[in-house]
Amino acid sequence: MSAFTIDICGLFQPGTGATDLGGPNTGGHQPPHWYEQYGMDFGAPEGTPVRAAFDAHITRPNPHIPAADTPKVYGAQLFMRAHNDMMGAFFTHITGVPAGLTVGASVSRGDPLGTVCRSGGTDTHLHWALVEIIGGAPGGQYRGVDLNEFLLGITGTDTVTPVTFAQDGTPPVPGGEVGPKIYHLGSLRGIQEGLAVLGYDSGRIDGLDGPRTQAAVSAFQGDQGLPQDGVCGGDTPLALAAALQAKGFQVDGV
């Protein structure tokens, strides 16, 4: 799996601005779905035009049906993926989506997607989320991306920043280049990264030994014929190192 770089621009016209109403893993942005857990709510007035952040193709458009709006679920929904099918985005709380945005339609960075809409007493905002698809769609591993702080700093569609996705479970790097990845299996974070690239979902890569990390370790141990205690000790780090090296990755710390 090779790293790749996508040019990403702001979501609003120059000078519109946006306020931070909550990023990934805050408030109602919770698992299990990446497009909810990794949601980024950008406050903007009703009617504010919303633009595509990168070149993509539409994979699922759900039209805005005002009669079906609820306080939390309202407006059109757009799922799209980059043309390499290795990352994508979700947009909602919009209306007036152009009629041509059907399944398979291409959008270019800066193209109109609709306008911010209102429902009840909720502050008007755009909800959107980004995902990296490790290994590529449709069979790859979908991992939500937290670029909230960086994306709030992009002030308009005329500001374009390359974002590099490493395809190894590590966070994307705005404006950066990625070199050969070395998995440091002497740390829990490195173990989480190694499990992720092998297809085991350890949850958020944060260096914390939570239930999802333990479940991922246990699943890996089971596939390797090792005792399933959920602890990356004994022969488990060696087995993890061997599995990563078999995929062509470099490791240390074992």
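This is a predicted model: local features need pLDDT of at least 70, side-chain atom pairs count only at pLDDT 80 or more; totals for chains, interfaces and linings use all residues.

Modeller: Happy to! The peptide bond joining Pro-31 and Pro-32 is cis, with omega at about 20 degrees. Most peptide bonds are trans, and most residues other than glycine have a negative phi. That makes a second residue worth a stop: Asn-25 has a positive phi of about 60 degrees, although it is not a glycine. Asn-25 also has its place in the loop between strand 2 and helix 1.

Asn-148 lies 124 residues away from Pro-24 along the chain, yet their C-alpha atoms are separated by 7.5 Å. Asn-148 has its place in helix 2 (residues 148–152). Which residues does Asn-148 touch, leaving aside those up to four places away in sequence? They are Asp-20, Gly-23, Pro-24, Met-40 and Phe-42. With Asp-20 there is also a polar contact, side chain to side chain, at 3.4 Å. Asn-148 counts as buried, because its relative accessibility is 7%.

There is another cis bond to visit. Ala-137 and Pro-138 are joined by a cis peptide bond whose omega is about 5 degrees. Pro-138 is found in the loop between strand 10 (125–134) and strand 11 (141–145).

A further positive phi turns up at Gln-167, about 60 degrees, and this residue is not a glycine either. Gln-167 sits in the loop between strand 12 and strand 13. Is Gln-167 buried or exposed? Gln-167 counts as buried, because its relative accessibility is 0%.

Strand 1 and strand 12 run antiparallel and are joined by 6 bridges, with Ile-6 standing opposite Val-163 in strand 12. On the other pairing, 2 bridges join strand 12 (residues 160–165) to strand 13, again antiparallel. There, Thr-164 stands opposite Val-173 in strand 13.

Thr-164 deserves a moment of its own. Its place is in strand 12, and its side chain makes a polar contact of 2.9 Å with the side chain of Thr-5. Why does Thr-164 count as buried? The reason is its relative accessible area of 2%, which falls under the 20% cut-off.

Last, let me turn to the helices further along the chain. Two packed helices are described by the angle between their axes and the distance between the axes. For helix 4 and helix 5, the axes come within 11 Å and cross at roughly 75 degrees. That makes helix 4 roughly perpendicular to helix 5, because angles of 65 to 115 degrees fall in that class. On the helix 4 side, the contact is made by Val-217, Phe-220 and Gln-221; helix 5 brings Thr-236, Ala-239, Leu-240 and Ala-243. By class, the contact has 5 nonpolar, 2 polar and no charged residues.

Helix 5 (residues 236–246) has these buried residues: Thr-236, Pro-237, Ala-239, Leu-240, Ala-241, Ala-243 and Leu-244. What covers them? The cover includes strand 14 (182–184), helix 3 (188–197), helix 4 (211–223) and strand 15 (250–252). After helix 5 comes Gly-248, whose phi is positive, near 95 degrees.

How values were computed: Residues are numbered from 1 along each chain as its sequence is written. Side-chain values use heavy atoms; hydrogens and water are left out. Two strands pair if DSSP finds at least two bridges between them. Helices (H or I, at least four residues) and strands (E, at least two) are DSSP runs, numbered from the N terminus. Buried means under 20% relative accessible area, exposed over 50%, partly exposed in between (1.4 Å probe, protein chains only). Contact means heavy atoms within 4.5 Å. A polar contact is a pair of N or O atoms within 3.5 Å; within protein, one must be able to donate a hydrogen and the other to accept it, and residues adjacent in sequence count only if both atoms are side-chain atoms. Axes are lines fitted to C-alpha atoms, for helices over the stretch in contact, and angles run from 0 to 180 degrees between N-to-C directions. Angles under 35 degrees count as roughly parallel, over 145 as roughly antiparallel, 65 to 115 as roughly perpendicular and the rest as oblique. Ala, Val, Leu, Ile, Met, Phe, Trp, Tyr, Cys and Pro count as nonpolar, Asp, Glu, Lys and Arg as charged, and the others, Gly among them, as polar.
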